[in-house]
Amino acid sequence: MTVTVAIPAVSTRAMTVLSALLEARTGQQLASYRSWRLDMALKPLLREREIDTLDQLVALLLDGRDATIGDRIVEALVNGESSFFRDQPVFGLIGKALVARAEASGQHGQRLRIWCAGCATGQEPLSLAMLFADLAESSGIAMPEIVATDVSEGALARARSGRYTQFEIQRGLPIRTAMRWFNGDRGDWVAKPELVRMIQFRRQNLVSEAPPPGRFDAVLCRNVLLYLAPAIKARVFLSVADALAPGGVLVLGAGETVIGQTGLFEPSRAYRGLYQRVAAGMTRNAA
Amino acid sequence: MKTCLVVDDSKVIRKVARHILETLDFEVREACDGREALDSCLAAAPDVILLDWNMPVMSGMDFLLALKESEVASKPKVVFCTTESGMAYIRAAIEAGADEYVMKPFDRDTLESKLQIVGMA
Ligand SMILES: C[S@@+](CC[C@H](N)C(=O)[O-])C[C@H]1O[C@@H](n2cnc3c(N)ncnc32)[C@H](O)[C@@H]1O
Ligand SMILES: [Mg+2]
């Protein structure tokens with residue numbers, strides 16, 4: 001006997017419109033999603049707007065009267081997964097590289113600058129803030145300036161609130177660190193204001209907008225470039241390279257590399273796992 | 001291979017924990033309460049202990065205090081694993097010498113990350 005399972009049909013038209021919207025707004029390609037994933041991701045939004053199908057959602061989008069629907073769809077479709085101290089060893093490396101940089105500059109009091117591009121719900125910049133609060137104490141370097149950006153207003157709003165579930169808080173965060181920097185609140189954990197204040201959150205689209213002003217000593221762009229088309233990825237690498245101060249480091253996700261993606265960066269010799277700009281004049285050879 | 005002693009009065013929790021720990025390459029032993037756990041530690045100290053709080057006979061907290069006083073040679077790492085999630089409980093556990101703290105329910109990623117934090121995975 002064969003059992004047929006009803007898989008909600010996602011029309012090709014809906015798929016096309018929704019993936020075009022996502023790609024236009026973020027550069028992210030939907031090709032890797034299967035239609036059931038699309039359906040699941042958008043289900044809460046359908047429920048909220050009291051509609052049943054993706055075709056109705058598309059109609060709502062094209063109708064143009066609901067000003068926020070486009071943003072909401074994009075936010076539901078991007079992969080926003082994150083966790084505290086994700087790929088833990090890399091945080092040790094970032095700390096080492098930046099302390100060495102502060103010491104080499106001979107200006108201990110000067111604040112380094114870190115850009116966290118694609119910060120999602122804030123676990124990454126908060127991890128940096130906690131890390132550098134410790135390093136400031138132990139090594140005497142000044143607390144760096146941390147600028148965290150994302151294209152998703154929804155993710156940024158959560159990041160600014162500093163509120164995490166018990167489930168989120170215990171993925172990657174040592175209990176003593178959680179106790180030091182978070183308060184318990186009705187089963188959730190809320191980052192203390194002094195921690196959140198160490199970070200400037202801003203909305204920025206990596207693909208279509210200029211980086212935050214000024215040069216950065218480190219740029220983290222982790223698990224963001226994965227689904228970008230190669231040409232768009234190359235453009236993002238270019239703008240990240242421009243935002244990096246001479247001798248600054250680029251940090252990618254654990255499964256990501258610059259090799260074969262761009263000629264602008266190469267693996268750092270001093271800090272394995274981090275990347276640095278290829279010396280000027282070498283770019284063409286490396287590309 | 002590292003050894004983990006799972007101490008919990010719930011058979012289901014012990015089974016779930018065992019399953020996760022085995023996929024993380026641990027040799028797993030079980031105890032249903034603090035008393036059994038202490039005996040198990042005196043017989044052979046595990047590398048790490050996953051410890052429930054509320055148990056009959058001897059609670060996790062009493063076990064932890066007894067372990068400190070005991071002759072158990074190499075002190076195992078202790079990860080509390082309990083439904084108690086209040087700050088006061090967590091603070092008490094840390095003061096009593098727990099190395100880490102997991103709030104139930106937990107999944108594989110959580111447990112793995114906590115074991116990494118105590119240097120065991
Ligand atoms: C998987 S999360 C990664 C979060 C964090 N960096 C980490 O590694 O844990 C990817 C984030 O990139 C953001 N993102 C995707 N495309 C973007 C774009 N074009 N500009 C800015 N942010 C973007 C998404 O909104 C999402 O929050
Ligand atoms: Mg119990």
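1. Let's start with B:Asp52, which is buried in this predicted model. Its relative accessible area is 5%, and the cut-off for calling a residue buried is under 20%.

2. The magnesium ion (ligand 2) is coordinated by an OD atom of B:Asp52, together with OD of B:Asp9 and O of B:Asn54, at 2.1 to 2.3 Å. If you look for these donors along the chain, you will find the spacing D-x42-D-x1-N.

3. Is B:Asn54 buried, exposed or partly exposed? B:Asn54 counts as partly exposed because its relative accessibility is 43%, which lies between the 20% and 50% cut-offs.

4. Now turn to the place where the two chains meet. Here 15 residues of chain A are in contact with 19 residues of chain B. Between them, chain A and chain B bury about 1,400 Å², and 60% of this is on carbon and sulfur atoms. On the side of chain A, A:Gln170, A:Ile175 and A:Met179 lose the most area to chain B, together 43% of what that side buries.

5. How many salt bridges does the rule find across the interface of chain A and chain B? The rule finds one. The side chains of A:Arg171 and B:Asp109 form a salt bridge, with N to O at 3.2 Å.

6. Finally, see which parts of chain A touch chain B. The elements giving two or more residues to that side are α8 (166-169), α9 (175-181) and β4 (182-185) of chain A. By class, the side has eight nonpolar, five polar and two charged residues.

How values were computed. Residues are numbered from 1 along each chain as its sequence is written. Chains are lettered from A and ligands numbered from 1 in the order in which they are written. This is a predicted model: local features need pLDDT of at least 70, side-chain atom pairs count only at pLDDT 80 or more; totals for chains, interfaces and linings use all residues. Side-chain values use heavy atoms; hydrogens and water are left out. Donors are N, O and S atoms within 2.8 Å of the metal (3.2 Å for Na, K and Ca); water is not among the atoms, so sites may look incomplete. Buried means under 20% relative accessible area, exposed over 50%, partly exposed in between (1.4 Å probe, protein chains only). Contact means heavy atoms within 4.5 Å. Buried area is the accessible area (1.4 Å probe) that two parts lose on being put together, summed over both. A salt bridge is a side-chain nitrogen of Lys or Arg within 4 Å of a carboxyl oxygen of Asp or Glu. Helices (H or I, at least four residues) and strands (E, at least two) are DSSP runs, numbered from the N terminus. Ala, Val, Leu, Ile, Met, Phe, Trp, Tyr, Cys and Pro count as nonpolar, Asp, Glu, Lys and Arg as charged, and the others, Gly among them, as polar.
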